[in-house]
Amino acid sequence: MRKTILITGGAGFIGSHTADALSRLGYKIRILDSLEAPTHQKPQWPAYVFGKGYELIKGDVCSPQALKKALKGVNFVYHLAAYQDQRHDFSRFFKVNTLSSALLYEVIVENKLPVKKVVLASTQFVYGDGQYSCAHSKKGFFPEPRALSLLRKGDWSIKCSHGAPAKFLPFQEDQKLTPTNSYGLSKQALENLSLRFGKTYNIPTTILRYSIVQGPRQSPHNLYSGAMRIFASQALAKVPLTVYEDGLETRDFVNIEDVVRANLLVLKNPKTNFEIFNVGGGKGYKVLDFAKLVKKMSKSTSPIIIGAFRRTDTRHAVSDISKLKKLGWTPRRDTTYSIKTYLDWFLKSGFDKKLHSKDLIKLQEGIKS
């Protein structure tokens, strides 16, 4: 008998690719999604999930009734639905991300549902600025968010106590978490409650902290989609590519195909039960270099401008992926492949004709230095 997998947020970027991969393995796919803007411009199922034989349920992950319906007869759950952004509606992050996770376990426990495993999506954002080291000290430190007064002066670096630039240390799963925004805080709470409920009620649980995921189906309407969506849209519209700070901040990009392989790997591996894993590209990439590469591959003539910033951004965000690699996983796709496949999908889907230049100039909401 075919096993049934529920994917919350399954009509989204990571969810739909995961659904396709699981379907190819013979699983019966059920998707629960609210189809909300901005990710979905129309409240209808996108072509990449519709008509594939998936059971599609339009509903809110914060609704007990919707979750109970979606969980009926389910063997495994991928809880990928999330509210992602850097806006000031702080409570919504906790409602959609944290409350829905607690409700998921509540429905499973109250109804004695035989769910064999839950895999939850977390994020690099739980690390905040992360950990740094200084040459004069053997002990690392966790900096507070950079002061607005320094950012306004264009002083971007994180410094040691004597004023020299500090060295960033890649994120490790067991380090202290210091999230700087509502999204990261809500995901930190999600992690804590999920592991506790999972252990208490014997529901195997795995948490995956994704780096910046890139590839086709990444909504160009979602502000959280990040550098790929922003730079590709601006380059194709021939408006300036807007890079925060000085562009020398580093980010960890990972391709959607590698993320899907990680999602599948942890599903039935008992070594992943009640564990947290970073899922990243394995190296840091300067944002300015990434913008230049998008410009080159899209054959754009757009200039690149720098200097704006957001208060809750981190200077560096790169994950150590050695823990997941010990299970046999390693990223196979590089950044060039991610850019190429995204641009191909973007053009094929006609998004270059749907987005207007005046909107693209404002894609990044930053403070001018």
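1. Glu191 forms a salt bridge with Arg209, and their closest N and O atoms are 2.7 Å apart; the term salt bridge here covers a side-chain nitrogen of Lys or Arg within 4 Å of a carboxyl oxygen of Asp or Glu. Because Glu191 lies in helix H5 and Arg209 in strand S9, the pair ties together parts that are 18 residues apart in sequence. The structure holds 15 salt bridges.

2. On provenance, this is a predicted model, in which local features need pLDDT of at least 70 and side-chain atom pairs count only at pLDDT 80 or more, while totals for chains, interfaces and linings use all residues. Residues are numbered from 1 along each chain as its sequence is written, and side-chain values use heavy atoms, with hydrogens and water left out.

3. An open sheet of seven strands runs in the order S3-S2-S1-S4-S5-S9-S14, with parallel pairing; strands (E, at least two residues) and helices (H or I, at least four) are DSSP runs numbered from the N terminus, and two strands pair if DSSP finds at least two bridges between them. Strand S3 (55–58) and strand S14 (275–279) are the edge strands, each pairing on one side only. From one strand to the next the twist averages 20°, where angles run from 0 to 180 degrees between N-to-C directions and axes are lines fitted to C-alpha atoms, for helices over the stretch in contact.

4. Within this sheet, strand S1 (residues 4–8) pairs with strand S4 (residues 76–79) in the parallel sense over four bridges, and Ile7 has Tyr78 of S4 as its bridge partner. Helix H2 (residues 64–71) packs on the sheet, touching S1, strand S2 (28–33), S3 and S4, and its direction makes about 175° with that of S2; contact means heavy atoms within 4.5 Å. Helix H5 (residues 182–200), which carries Glu191, lies across strand S5 (117–123), strand S9 (205–210) and S14, running at about 160° to S5.

5. The axes of H2 and helix H3 (residues 90–110) come within 10 Å and cross at roughly 55°, and the two helices are therefore oblique to each other; angles under 35 degrees count as roughly parallel, over 145 as roughly antiparallel, 65 to 115 as roughly perpendicular and the rest as oblique. The contact is made by Pro64, Leu67, Lys68 and Leu71 of H2 together with Ser100, Leu103, Leu104, Val107 and Ile108 of H3.

6. Helix H6 (residues 227–236) and helix H8 (residues 287–297) pack at an angle of about 40°, their axes being 9 Å apart, which makes H6 oblique to H8. From H6 the contact involves Ala227, Met228, Phe231, Ala232 and Ala235, and from H8 it involves Val287, Phe290, Ala291 and Val294.

7. A further open sheet, of three strands, has the order S15-S12-S17 and mixed pairing. Strand S15 (285–286) and strand S17 (316–317) stand at its edges with a single partner strand each, so one side of each is left without a neighbour in the sheet. Strand S12 (residues 250–251) is joined to S17 by two bridges, the strands running parallel, and Arg251 has Ala317 of S17 as its bridge partner.

8. Strand S6 (residues 131–134) and strand S7 (residues 137–141) run antiparallel and are joined by two bridges, with Tyr132 standing opposite Phe141 in S7. A hairpin connects S6 to S7 through two residues.
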